[in-house]
Structure formats: C-alpha cells, structure tokens
Amino acid sequence: MAPVPVNAGNDAQNVINKPANFFYSPDAGKGDADARGADYEFAKYKPFLPDVHWNPLEEVEVVDRGLSADPTKKNLLSSASKVIDLTPTIGTELHGIDLRELTDSQKDELALLVAERGVVFFRDQELNIHQQLDLTRYWGPLHKHASTPIPREPGLEEVHVVYNDASRRPDPAGLTKQDLWHSDVSYEVQPPSTTSLKLITAPPIGGDTHWASGYALYSSFSPSFQKYLESLCAVHSAVEQADGARAAGVPVRRDPIETIHPVVRVHPVTGWKSVYVNPGFTRRILNVPKAESDSVLRILFDQIAGNLDIQVRFRWEVNSVAIWDNRVTTHAATFDFWPATRHALRTTPRGEKPLSVEAYEKQGQVAKDRQIETWKQQGVDPWIWDKSSAPRGCND
Ligand SMILES: [Fe+2]
C-alpha cells in the first residue's frame, strides 16, 4: 500500500484533504490532486481527514426499534407500490417509498424488514444527508469512524464518505477480492446495526455492491458444524485498518481496539442465528489450535465470497439508497469503474453487544435457523442433514 502524500496546505488545523480510502480501495500513490475540483456539485461532501483525537467509545444502551414493529409490516408495505424480493435469502427492493416521509411505525417496520431481509434497496431518494442522519439515528446512536473520511462540510463527523475518482486508480496488489468482504467496523464492542448508504454520484457502469447473508451462511452448514460454530468466539481487530491509515499518512482519530465476539450471533428481533465473521476484520478463533482457526475461517470466508446462493448484487444509480443490517450481513464493493467517479455517504447506528446463542437463550427464547423457519412457514418439510435418507459418511 503506497503512502498517501500529506497535503496540509495552508490550513492552520493541519488537516489532510487528500481522500484516502485505504481499506476499501488501496491508493496507487499516483498523485494527490482530486480529479473533481471545487466546481463539483458535491464538493462539500468530498473526503476530509481531520487531525483530531477522540476518546474510546462508551457503552450505550440500545433498544432495537424492530422490537416495536407490527410483525406484518402493514404500515410500510401498504405504502409501497412494489415489493421485490431479489433472492430467496437476501435483498428486497421497495418502490414508491420516500424515506423522508416515513412515520415512526414505518421506521420500526423498516428496521424489522431490514433485519429479516438483510438489505433493502430504494431508488430516486431525495433525502439530504441531514435527513439521512436523522433516519438512521432513529435506529440507534450514531457511530463515528476512527479513520475513514468525513465530509468537508463542518458538523458531519458521523458521516462516512465513500469516494473514488480518476485520481485514485485501484491497486490490485493491495487486497484480494475476498479480503474486501466485511461487516462495517465489526471490531467495535457494539458493532453497527441498521446502516444506510446513499449514492450521490454514480459511475455510468460498475461499482456494484454485493451483500451476503449470515443467516443463510449458518443455514448452509450441517447441524454438527452449526453446533461447533455456536461454541466459538473470534477476535475482530481494528489494528490493521489503523496501521494502514497511519502508513498512508492519515490521522487515526481513535485508538484501535480488538474485541471478542461470538462466531454465531442471534439477531435480537428475528431470533435467527447468523455467522458473524468477516475477512476484513476477523483475525482468529479463540481457544483452538491456530491450524484449526485458520481452516475454519478459510471455510467461512470462502463461503461468504463464493456461495452465490447467499448473495445479492445491487446496481447503483444516483439517489439509490441501501439500508442493511450489519449484524447479519457482510458486503463487498467492486472497483471496476475507474476512472469514473463514485461518491456515497454512509450513516451508521451502533447496535447491541452481539448475543451468542447461549446468551440469547438465557433470556428465555429459543434461537432459530432462518431457513428452517422459512420452510415451516411455507408448509414444507424442513430438509435437514440428519433426516437425509441418502447413504453418506463411512459407507460411501
Ligand atoms: Fe462497508
């Protein structure tokens, strides 16, 4: 990863205006002049990297708004002109909804829909960044990222800027495509929940984002492997992201942390089990031999990136909005659009501390497998491995 030149300019606060999307798009070090100048329509939302220091995040109580939702989601869905499930496992597109106009009950129901479907897409949304912040803040206290850019306009420290233009040619030497899969800031003690991204400048083609369902990943495994995964915890680390930022000359605004999370977490609203690891930030499984940790994580990462049955791909347009539940999905961007500009703004509520199956069930509820529950609702016999009549194992 090439160092990013520091351009303090004549700003007395020693700020860096050079955008450095070092984690998502390693910079080739080609130069420090943005391709889009001051006449760019959204110049005030271009990346800004203040040299400031923030204290560690304090624990906050979060009550999921989805718990207040009408399970039928009638207030939200009756307002939509079209509801399109993009795959059986993940992704729904809602048409005819203006995100500026949602009532509180519709916001509760949207949180529930996002929790169930993993990611929900909207097109032609006119909401501005302040309205986007308000919408997301409804779902939880907003997260401030420790090292990625914020907009140049003051007062928007809770916004995460995604920006690439012709001056920032992706460097394929930095990361594999599998490495790009992540759940946002999963190293936090209270990782994000119902997260939104709005595209404000779109490339003519390319720049799609893929999401993978942690519920469906869990469902894809045999019962014995599911049980094994439920017994594990893993370390999620911000250290490499912070080191990458520093190597790029970018100030790290909050000291990086490492946090232990269960490998299978339960969504507090749906009660469904979801695999919670990602190539971006999960580094090792605890209390098992390293060879075992490496092998298990390799299986999980390979499936996240390679199992097409658990993924959805979204093609962005200007004013498209995606709202996804970072607790039960991973995602990866494509960097196939250079030299075009792609510019998006993310707002990110903090969720609860991840609940293991054991912790969830201690509350008196039984955690479920989403696929089994879906088949039951469809009135079909849930096919599971240990009911299979096909000969397998040692007799094969
Ligand atoms: Fe992300």
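Where is the place of Asp124? Asp124 sits in the loop between strand S4 (119–122) and helix H3 (129–139). Helices (H or I, at least four residues) and strands (E, at least two) are DSSP runs, numbered from the N terminus. This is a predicted model, in which local features need pLDDT of at least 70 and side-chain atom pairs count only at pLDDT 80 or more, while totals for chains, interfaces and linings use all residues. Residues are numbered from 1 along each chain as its sequence is written.

Phi of Asp124 is near 60°, a positive value in a residue other than glycine. Val185, also not a glycine, has a positive phi of about 35°, and Val185 belongs to the loop between strand S6 (159–164) and strand S7 (194–201).

Are these residues buried or exposed? A residue is buried if 20 or more other C-beta atoms, placed from the backbone, lie within 10 Å of its own, exposed if 12 or fewer, and partly exposed in between. Asp124 counts as partly exposed because it has 13 C-beta neighbours inside 10 Å; Val185, with 25, counts as buried.

A further backbone feature is the cis peptide bond from Trp338 to Pro339, with omega near 15°. Pro339 is in the loop between strand S16 (329–333) and strand S17 (342–347).

Val114 touches Val119, Val120, Thr194, Ile323, Trp324 and Asp325, not counting residues up to four places away in sequence; contact requires C-beta atoms, placed from the backbone, within 7 Å.

Notes: Contact = placed C-beta atoms within 7 Å.
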